[in-house]
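This report goes through selected local and sheet-level features of the structure shown below.

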Amino acid sequence: SFIDVSAQMGDNVYLGAFSYIGSNVKVGDNVEIYPNVTIGSNVEIGAGTVIYPGVTVYRDCIIGKNCIIHSGAVIGADGFGFAPDKNGEFQKIPQIGNVVLEDCVDVGANSSIDRATMGSTIVRKGAKIDNLVQIAHNVVIGKHCLICAQVGISGSTTLGDYVVFGGQAGIAGHLTVGKGAKAGGRAAITADVPAGTFVNGNPAIPYQLE
């Protein structure tokens, strides 16, 4: 394993073989970092967090206390930001923000949470993210949300607290989902969802549960 001399490591930290800790990283007490994990520069990891093998956390990201990040997850890769030039060729827009995971967040295997173009992509306290979920740049996930497998959340969308998305649901960008709303599996959300509403279908519409 490699630990940069500028890194600050807490007490009782476990660091598996072939893991990398970059410059100015801060790791809290009782953190477990399993083999083949890469932690980029300026990352902060709160006490009690567990990071399983093969996770990559890019530079400048912040992970709270008692989080669990499963194998293959990528935290802080560039958002999908490109703009066409006068020739119609796509040029990259620099992605200079970060990702913030608050305390007690779970991230499933092979999920990806992209860094913000500017500012932060935020997953708030207690949110649970299943395997193979894509969360795009500048998204905000509210407290105690439940995001099931293969969900896709487009850029700059905001989910209120206690939102539930069924498997393979997808939502367009720049939308707002209100507190306590729910979306069924494979729902295709193309408009704002009011608080407490259940939506389903393609396009997703309100659906009355029995």
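## Nonpolar surface patch

In this predicted model, a nonpolar patch on the surface is formed by Phe80, Phe82 and Phe90. Together these side chains account for about 400 Å² of accessible area. Phe82 belongs to strand S14, which covers residues 82–84. The relative accessible area of Phe82 is 36%, so this residue is classed as partly exposed, the class that lies between under 20% (buried) and over 50% (exposed).

## The open sheet

An open sheet is built from 11 strands with mixed pairing. The strand order is S3-S6-S9-S12-S17-S20-S23-S26-S29-S31-S32. Strands S3 (14–15) and S32 (205–206) stand at the edges; each has a single partner strand, so one side of each has no neighbour in the sheet.

Within this order, strand S12 (residues 68–69) pairs with strand S17 (residues 106–107) in the parallel sense, over two bridges. Ile69 has Val107 of S17 as its bridge partner.

Thr121 is located in strand S19, residues 120–123. Is Thr121 buried or exposed? With a relative accessible area of 0%, Thr121 is buried, because the limit for that class is under 20%.

A polar atom of the Thr121 side chain lies 3.3 Å from the backbone nitrogen of Ala116. Ala116 is also listed among the contacts of Thr121 when neighbours within four places in sequence are left aside. On that basis, Thr121 is in contact with Asn98, Val99 and Val100, with Ile113, Asp114, Arg115 and Ala116, and with Ile135, Ala136, His137, Asn138 and Val139.

## Backbone features in loops

Which residues does the cis peptide bond join? The bond joins Asn202 and Pro203, with omega at about -5°.

Tyr162 is not a glycine, yet its phi is positive, near 65°. Tyr162 occupies the loop between strand S25 (158–159) and strand S26 (164–165). The relative accessibility of Tyr162 is 45%, so Tyr162 counts as partly exposed.

Gln168, likewise not a glycine, has a positive phi of about 65°. Gln168 is placed in the loop between S26 and strand S27 (170–171). Gln168 counts as partly exposed because its relative accessibility is 35%.

How values were computed:
Residues numbered from 1 in each chain as written. Predicted model: local features only at pLDDT ≥ 70, side-chain atom pairs only at ≥ 80, totals over all residues. Heavy atoms only, no water. Pairing = 2+ DSSP bridges. Helix = DSSP H or I, 4+ residues; strand = E, 2+ residues; numbered from the N terminus. Patch = residues over 30% accessible without salt bridge, like charges linked within 9 Å, V, L, I, M, F, W, Y side chains within 5 Å. Areas by Shrake-Rupley, 256 points an atom, 1.4 Å probe, with all protein chains shown as cover. Salt bridge = Lys/Arg side-chain N within 4 Å of Asp/Glu carboxyl O. Buried < 20%, exposed > 50% of the residue type's maximum accessible area, 1.4 Å probe, protein only. Polar contact = N/O pair within 3.5 Å; in protein donor to acceptor, adjacent residues only side chain to side chain. Contact = heavy atoms within 4.5 Å.
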